[in-house]
Amino acid sequence: MYDYDLLVLGSGPSGQKAAIAAAKLGKRVGIIDRRDMIGGVCINTGTVPSKTLREAVLYLTGLSQRDLYGSSYRVKEEITVSDLAARTQHVITRQTDVIRNQLARNHVAMLTGTGRFADAHAIWIDGGGGRDTKVSADKIIIAAGTRPARPDSVDFDDRTIVDSDGVINLQAVPRSMVVVGAGVIGMEYASMFAALGTKVTVVERRDKMLEFCDDEIVESLKYHLRDLSVTFRFGEEVAAVERHQTAALCILKSGKKIVADTVMYSAGRQGQTDDLALEAAGLSADKRGRIEVDTSYRTAVDNIYAVGDVIGFPALASTSMEQGRLAAQHACGEPVREMHELQPIGIYTIPEISFVGKTEDQLTDSATPFEVGIARYRELARGQIVGDSYGMLKLLVSPENGRLLGVHVFGTAATDIVHIGQAVMGCGGTVDYLVDAVFNYPTLSEAYKVAALDASNKIRNITRIDG
């Protein structure tokens, strides 16, 4: 007889959803995490704090209203870290309470401490009192998450040289910053600090940023960031970072030197599996700390599953939640459907980027014909009302059957309105549905109708000529 039917290691998005899904099926469930990490990295240092910080930056700088009130418009002249931290801490506290309430309401036992495997069915829990407690379970789900990868050659001090977790704890808004890495996290923080007035330099060893995104969208983002005085150094690598009394000196392999108050490394993520004693359960992780799973999220050991960032790509809170739910249902013998292949990507830069489906480059590489329909926010009444003259929505449409092949959005509420395109694509809808649909007025969602008409007119013109 085991203590629990299911034990979950980690209370982040995937762990929460796994625990609650199993509890809904009438199982005895326990979830293990540190007292100060309820909600995981997502709530405490990652997704939620960074997105809250973004909202605080947008509001206090007045950036999103400058089209209406002038380029010098600001809500607060001197923005301090405490201004930003107040809103962030408020949201973290509220979200932590929500998670605790959800777990309690579903009778999920909260086991406080750090867990490590004793064997494939048992976990040692170190509660910090000098004495470990052993608990057993029929099934175990690893949802340990990740931490920022820290190159051994870099001397992080969490003040001058920081990673993406430490950047939210800076003591002051830096006057200048070097962001190493032009991935999603790097570009989100680069745009936030640039909006605050920090002189930002982005160093990226590849030739472009966000290379999985639509080229036109990325060019639009680059234009706006340059407008905020961001400097890009593509095809460059950092050779060394020297800490000095008042600043850091960033030395590139090309010989260039950049002085900055703060250097932020965004060098990917590392699975938090070092202290799990995986070998005791007959498991192992790769050099990035990731655990291999099958299509049901089951590891090499039949009763142990792994979900979320610890299994690697796509490592999004949204997909992790769904992985947790599906793994728990499979572990409990419940019939499950596979996760839908249409998964939206949301990038919370300033302005936002979101897309679902294929990019133009992907369709071109696979020799798939497509037509493009574009709507610009400045053509929409709502775009004028909210002061967004640069936003755009792009539809990629099959000229053969009118199916949507991709939806790409740049600008205000991009991460919200992309879901309309996702729903139409997921249901096998065509561009005709969007042409015939009536949208609320004035809204940004009207962009779908404008872009659909644009694509339909282009297809009609080709058909008229080509027969």
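C213 counts as buried because its relative accessibility is 3%, where buried means under 20% relative accessible area, exposed over 50% and partly exposed in between, using a 1.4 Å probe and protein chains only. This is a predicted model, so local features need pLDDT of at least 70 and side-chain atom pairs count only at pLDDT 80 or more, while totals for chains, interfaces and linings use all residues. Residues are numbered from 1 along each chain as its sequence is written, and side-chain values use heavy atoms, with hydrogens and water left out.

**Cysteines**
- C427 sits at 70% relative accessibility, so this one counts as exposed.
- How many disulfides does a search of the whole structure find? The search comes back with zero, a disulfide being a pair of cysteine sulfur atoms within 2.5 Å.

**Helix α3 against helix α6**
- Two packed helices are described by the angle between their axes and the distance between the axes.
- Helix α3 covers residues 47-61 and helix α6 covers residues 184-195; their axes come within 9 Å and cross at roughly 25°.
- That angle makes α3 roughly parallel to α6, since angles under 35 degrees count as roughly parallel, over 145 as roughly antiparallel, 65 to 115 as roughly perpendicular and the rest as oblique.
- For the bookkeeping, axes are lines fitted to C-alpha atoms, for helices over the stretch in contact, and angles run from 0 to 180 degrees between N-to-C directions; helices (H or I, at least four residues) and strands (E, at least two) are DSSP runs, numbered from the N terminus.
- The α3/α6 crossing is left-handed, as the near helix is turned anticlockwise from the far one by less than a right angle (clockwise would be right-handed).
- On the α3 side, the contact uses S50, K51, L53, R54, V57 and T61, and α6 answers with E188, Y189, M192 and A195; contact means heavy atoms within 4.5 Å.
- Sorted by type, the residues of this α3 contact with α6 are five nonpolar, two polar and three charged. Here Ala, Val, Leu, Ile, Met, Phe, Trp, Tyr, Cys and Pro count as nonpolar, Asp, Glu, Lys and Arg as charged, and the others, Gly among them, as polar.

**Helix α3 against helix α5**
- With α5, helix α3 packs at about 135°, the axes being 9 Å apart, and that makes α3 oblique to α5.
- This crossing of α3 past α5 is right-handed.
- In α3, V48, P49, T52, L53, E55, A56, V57, Y59 and L60 take part, meeting D83, L84, R87, T88, V91 and I92 in α5.
- V91 belongs to helix α5 (residues 81-105) and counts as partly exposed because its relative accessibility is 24%.
- Leaving aside neighbours within four places in sequence, V91 is in contact with V48 and T52. V91 and T52 are 39 residues apart in sequence, yet 7.4 Å apart in space, C-alpha to C-alpha.

- Going from I350 to P351, the peptide bond is cis, with omega near 0°; P351 lies in the loop between β18 (345-347) and β19 (353-357).
- Y441 to P442 is also a cis peptide bond, with omega near -5°, and P442 is in the loop between α12 (431-436) and α13 (447-466).
- A277 isn't a glycine, but has a positive phi of about 50°. A277 is placed in the loop between β16 (269-271) and β17 (304-306) and is buried, at 17% relative accessible area.
- A315, not a glycine either, has a positive phi of about 55°. Find A315 in the loop between β17 and α8 (317-331), partly exposed at 35% relative accessible area.
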